[in-house]
Amino acid sequence: MLSGPGYLRVMGAHDGLTAMLAENAGFEAIWAGGLGISAAARVADAGLLTMTEFLNAAAQMRSACGLPIIADVDGGFGDVNVIRRMVQLYEQAGIDAICIEDKQYPKRNSFRDGHQLEDPGAFAQKIAVAKAAQRGTDFVVVARLESLIAGAGMDDALSRAELYHDAGADAVLIHSRASHADEIREFCDRWQRTGRDVPVLCVPTTYASVTARELGEMGISGVIYANQAIRTSTKAVAEALASIAKHDSSAAIESEMTTLGELFEMIGMNDVLGDEPWQGVPEPAAKH
Ligand code: SPV
Ligand code: MG
């Protein structure tokens, strides 16, 4: 999935409908992101939702769109035994990839403070167990590096990346919250010099002015827009509801809303069976 030429643009979704909207907009993959899924439930992104809640959200996206799905699974929800079961459940649900991050429980969202990195060896073992647990050959395990987020530095990120790759990671995600892409560029340069042909993903939330194409030119294989969908919809809904409350009417925002016809089309209302009279079982086509 991540090993082809060029880079994937991966859109963060939090439910089936946003996954479908991402597919319609032309993205190449879905990020079933913990922040988005948590926010949609109005719960903090702090290791509070259970694995089942994360999995159900990803499975709903699976039903709603045909794109590859990379599921954010925080630190893996537990020890290596939990990791093993988690991989099997995600794979059975048709999820293409999981991304496990090297932070201790309870994790904090990467744009907050107070991070505790996992011991590198213990995390490498989680990756090895995850890879051993998959039943098919195509399932992808992404090891997410939080060294730059936790202030542990670039050397730590690179040595962990090598360790996680040796443990079987199919790809790494280098997370940065710098306001420019210098850290991403440096990581990619140094990673390429190791001679390891392993895809690198990134999340350009704070360095949003850098395009996916520019990140691709630095050596990035997957650009994840992790939270733009939930942030867009939150703002749009809040503004629309405020307008209706203020005017005691929705007339002022009619043109800003999806029409009922468009919504019906999106959710397959036109394919609902049973609205037409029973015609009997169709005759088989005549053979010549
Ligand atoms: C998420 O979308 O939940 C992520 C990415 O983990 S970030 O919020 O950028 O840490
Ligand atoms: Mg997350």
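Predicted model: local features only at pLDDT ≥ 70, side-chain atom pairs only at ≥ 80, totals over all residues.
## The cavity and what lines it

Helix α2, residues 34–40, gives the largest share of the lining of the largest cavity, with three residues.

Sorted by class, the lining has seven polar residues, along with five nonpolar and five charged ones.

The residues around ligand 1 are Trp31, Gly33, Gly34, Leu35, Asp72, Asn109, Ser110, Phe111, Arg144, His175, Val203 and Ala226. In this shell you'll find five nonpolar residues, five polar ones and two charged ones.

Tryptophan 31 has a side-chain N or O atom 3.0 Å from an oxygen atom of ligand 1. Histidine 175 also brings a polar side-chain atom to 3.0 Å from an oxygen atom of the ligand, and for asparagine 109 the distance from a polar side-chain atom to a ligand oxygen is 3.1 Å. How much of ligand 1 does the protein bury? On its own the ligand exposes 280 Å², and the protein buries 100% of that.

## The largest pocket

Now for the open kind of space. The largest pocket holds about 830 Å³. It is lined by 28 residues, and Leu21, Ser233, Ala236, Val237 and Thr258 are the closest to its centre.

Which element gives the most to the pocket lining? That would be α9, with 10 residues. As for the make-up of the lining, 17 residues are nonpolar, eight are polar and three are charged.

## Two backbone spots to check

Away from the pocket lining, a couple of details in the backbone deserve a look. Tyrosine 105 and proline 106 are joined by a cis peptide bond, with omega at about 0°. To find it, go to the loop between β4 (97–101) and α5 (120–133), where proline 106 lies.

The other spot is arginine 42. Its phi is near 55°, which is a positive value in a residue other than glycine. You can find arginine 42 in the loop between α2 and α3 (51–64). Helix α2 is the one we began with, the helix that gives three residues to the lining of the largest cavity.

Methods
Residues numbered from 1 in each chain as written. Chains lettered and ligands numbered in written order. Heavy atoms only, no water. Near = heavy atom within 4 Å. Polar contact = N/O pair within 3.5 Å; in protein donor to acceptor, adjacent residues only side chain to side chain. Areas by Shrake-Rupley, 256 points an atom, 1.4 Å probe, with all protein chains shown as cover. Nonpolar A, V, L, I, M, F, W, Y, C, P; charged D, E, K, R; others polar. 1 Å grid on protein atoms, 1.4 Å probe; cavity = no way out; pocket = protein on both sides within 12 Å on 5 of 7 lines; lining within 4 Å. Points joined across faces, edges and corners; volume = space filled by probe spheres on them. Helix = DSSP H or I, 4+ residues; strand = E, 2+ residues; numbered from the N terminus.
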